[in-house]
Amino acid sequence: MEFSERPELIQIVHGCVKDDRKCQQKLHELYYGKMLSVCYRYASDMDEAKDILQDGFIKVFQRLKSYEFKGSLEGWIRRIMVNNAIDFVRKKKELVFSLDDDHRIDNLKEDSEEDFEAENYSRLKAEVIMNLLQKLSPAYKMVFNMYVLENYSHKEIADELGISIGTSKSNLAKAKFRLKELFDEYQHGKF
């Protein structure tokens with residue numbers, strides 16, 4: 001969203017930079033819901049997502065003075081939340097990646113008709129999708145979120161997580177395959 005369309009947003013940002021609590025509250029209210037859903041995708045439960053979110057907003061308020069009003073404020077905040085979530089999960093040391101050469105992934109084609117983006121999946125409610133994502137291992141969930149939902153490239157994922165590009169691709173393929181299995185179980189009432 002362009003700032004010329006939302007002059008009140010400019011005032012809120014400037015107020016936040018001056019530590020105006022009312023402006024901070026307004027900014028928090030504006031982005032709370034969207035950013036909570038971003039954090040939840042990386043967290044193991046809602047309480048953890050709220051912890052990540054709270055810490056993320058503290059970082060947003062600390063860094064707002066460096067925001068240059070270029071591009072979307074929401075996108076800028078989202079990037080801080082995603083990076084905060086990645087750091088949080090990394091500190092928990094739950095990320096165990098399946099190395100690209102450990103397992104053959106010949107049957108896990110990225111662009112197959114059975115891929116996660118298939119028509120059946122697009123009809124799922126957001127809540128069901130979030131529940132399915134929560135059932136992935138932390139490593140699969142991390143790569144899936146970064147690639148599919150945050151539009152990171154495999155190189156960016158590899159650099160951010162300290163893994164190879166092949167490991168990123170392998171974990172994405174395996175995450176999609178596991179999501180398909182989970183969706184099949186969901187359709188057949190197995191959970």
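Leaving aside neighbours within four places in sequence, which residues is Ile 12 in contact with? The model is predicted, so local features need pLDDT of at least 70 and side-chain atom pairs count only at pLDDT 80 or more, while totals for chains, interfaces and linings use all residues. Residues are numbered from 1 along each chain as its sequence is written, and side-chain values use heavy atoms, with hydrogens and water left out.

**View 1. Ile 12 and its partners.** Ile 12 is in contact (heavy atoms within 4.5 Å) with Cys 23, Lys 26, Leu 27 and Leu 30, leaving aside neighbours within four places in sequence. Ile 12 belongs to helix H1; helices here are DSSP runs of H or I with at least four residues, numbered from the N terminus. Its relative accessibility is 9%, so Ile 12 counts as buried (buried means under 20% relative accessible area, exposed over 50%, partly exposed in between, with a 1.4 Å probe and protein chains only). Eleven residues separate Ile 12 from Cys 23 in sequence, yet their C-alpha atoms are 5.0 Å apart in space.

**View 2. Helices H1 and H2 crossing.** Here you can follow H1 (residues 7-17) and H2 (residues 21-42), whose axes come within 8 Å and cross at roughly 125 degrees. Axes are lines fitted to C-alpha atoms over the stretch in contact, and angles run from 0 to 180 degrees between N-to-C directions. The two helices are therefore oblique to each other: angles under 35 degrees count as roughly parallel, over 145 as roughly antiparallel, 65 to 115 as roughly perpendicular and the rest as oblique. Leu 9, Gln 11, Ile 12, Gly 15 and Cys 16 in H1 meet Cys 23, Gln 24, Lys 26, Leu 27, Leu 30 and Tyr 31 in H2.

**View 3. Leu 9 and Gln 24, one from each helix.** Leu 9 is found in H1, and Gln 24 in H2. Leu 9 counts as buried because its relative accessibility is 4%; Gln 24, at 9%, also counts as buried. Beyond its neighbours within four places in sequence, Gln 24 is in contact with Cys 16, Asp 19 and Phe 61.

**View 4. An aromatic cluster.** Look for Tyr 67, Phe 69 and Trp 76, which form one aromatic cluster. Rings of Phe, Tyr and Trp (its six-membered ring) pair if their centres lie within 6.5 Å; planes under 30 degrees apart count as stacked, over 60 as edge-to-face and the rest as tilted. By this rule there are four aromatic pairs. Tyr 67 and Trp 76 form a tilted pair, 5.1 Å centre to centre with 55 degrees between the planes. Tyr 67 counts as buried, at 6% relative accessibility.
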